[in-house]
Every structure is written in C-alpha cells, then in structure tokens.
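I opened the model to look up its charged pairs. Notes follow below.

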Amino acid sequence: MRTYTISTGAVTISAATTLICIRPNTSQAVSVVRATLTQRGTTTSEQVRVQLGRKASAYATGLTAVNVGGSTQPLLAKHSESDAASAITGGTSAAAGTAGTASTTEGAGGFTPVIDEAFNNINGFVWLPSVDEQLVFAAGSAEAFVMRVPTAPTGTSNWHATVTFQEA
C-alpha cells in the first residue's frame, strides 16, 4: 500500500462545499484512512457539520486541482520517499483519476453520506477509522470520495481539510 495526503490550505466556506474530492483511476483502488477538518484564526465556538461519503455523476465542479509533488496548496504528498507518485493527479471536475478541493458548484449528482458528524470548530474534526470502517473505492469506480460541509458555518474563513488515502 502506498499512502498519500491531500491538504487544502486555508479555504473559505460560504455555502455547501466539497472540500476534497478524490475519484480513483481505472487501475488503482483508493482507501480513505484518515480525514481532518480544522479552523484557525477564530476564538468563537461553533458547531459545524461535516460529511464523508460517495458522490455519483454530476460531480462538483470548479474544484481547485491538487498540486502533485510540489509545495503549494492544495497539495497531494506521498508519505514514503520510496513510493512512486500517486496515480491521482490534479483536476477541476472529478474526472477519473483526479483530485480537487474547494468546489464552487456542488453538482446535481447523488451524494450518499457514510459519515455525518458535527464537531466544535475550536476542537476540530478527526476521523481515524479502523480497517473495517475505511471508505474504499474500486479502481474504475463511477463514484468519488467526497469530504463536504453541507451548510456554511458562521465563521467562514481559514478552514483546513486533509484526507489521507492509500492506493492498492
């Protein structure tokens, strides 16, 4: 298994937003093994809802393509220097084999939440599933993994999302 993390940097959330979208390519399955969502720069406490799940067709658009192997956000980075680059590349419309962040349009495709949680923005959200709870997407899947905020929080600025995934 090769392990990679996508990090968004500082994102503004002003409506329902896909924060991270990963769609596997035709040859590599993707298992989501960790997700976090935090906010910096505020001391105002607020409950925020986050969802992790599956989106089918009519994906979010206006995504910011991840930067693979570079140093600018949003970034897709490998965990081991001996691993090859990820099979996932940057993309803006959830095409097969791409990942993007911070959508401008959610798309009309069906979204199925698997994890639907609320957390306090001062404490942050961490999802660290057991192996049996990981979200797995088959190679060539028509579905994409999505981390989203279904409604805008009151504090809209400086949100940071990360998703760690493995390719098999």
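I started with arginine 49, which forms a salt bridge with aspartate 116, the closest N and O atoms being 2.9 Å apart. I counted a salt bridge when a side-chain nitrogen of Lys or Arg is within 4 Å of a carboxyl oxygen of Asp or Glu. This pair links distant parts of the chain: arginine 49 sits in strand β4 (residues 47–56) and aspartate 116 in strand β10 (residues 111–120), 67 residues apart. Strands here are DSSP runs (E, at least two residues), numbered from the N terminus.

The model is predicted; local features need pLDDT of at least 70, side-chain atom pairs count only at pLDDT 80 or more, and totals for chains, interfaces and linings use all residues. Residues are numbered from 1 along each chain as its sequence is written, and side-chain values use heavy atoms, without hydrogens and water.

Arginine 49 is partly exposed at 38% relative accessible area. Aspartate 116 is also listed as partly exposed, at 38%. My cut-offs were buried under 20%, exposed over 50%, partly exposed in between (1.4 Å probe, protein chains only).

I then found glutamate 143 bridged to arginine 54 (3.2 Å, N to O). Glutamate 143 is in strand β13 (residues 143–149) and arginine 54 in strand β4, 89 residues apart.

Arginine 148 meets glutamate 106 in a salt bridge at 3.6 Å, N to O. Arginine 148 lies in strand β13 and glutamate 106 in the loop between β9 (98–101) and β10, so the pair ties together parts 42 residues apart in sequence. Both arginine 148 and glutamate 106 are buried.

How many salt bridges does the whole structure hold? My search found 4.

Key: Helix = DSSP H or I, 4+ residues; strand = E, 2+ residues; numbered from the N terminus.
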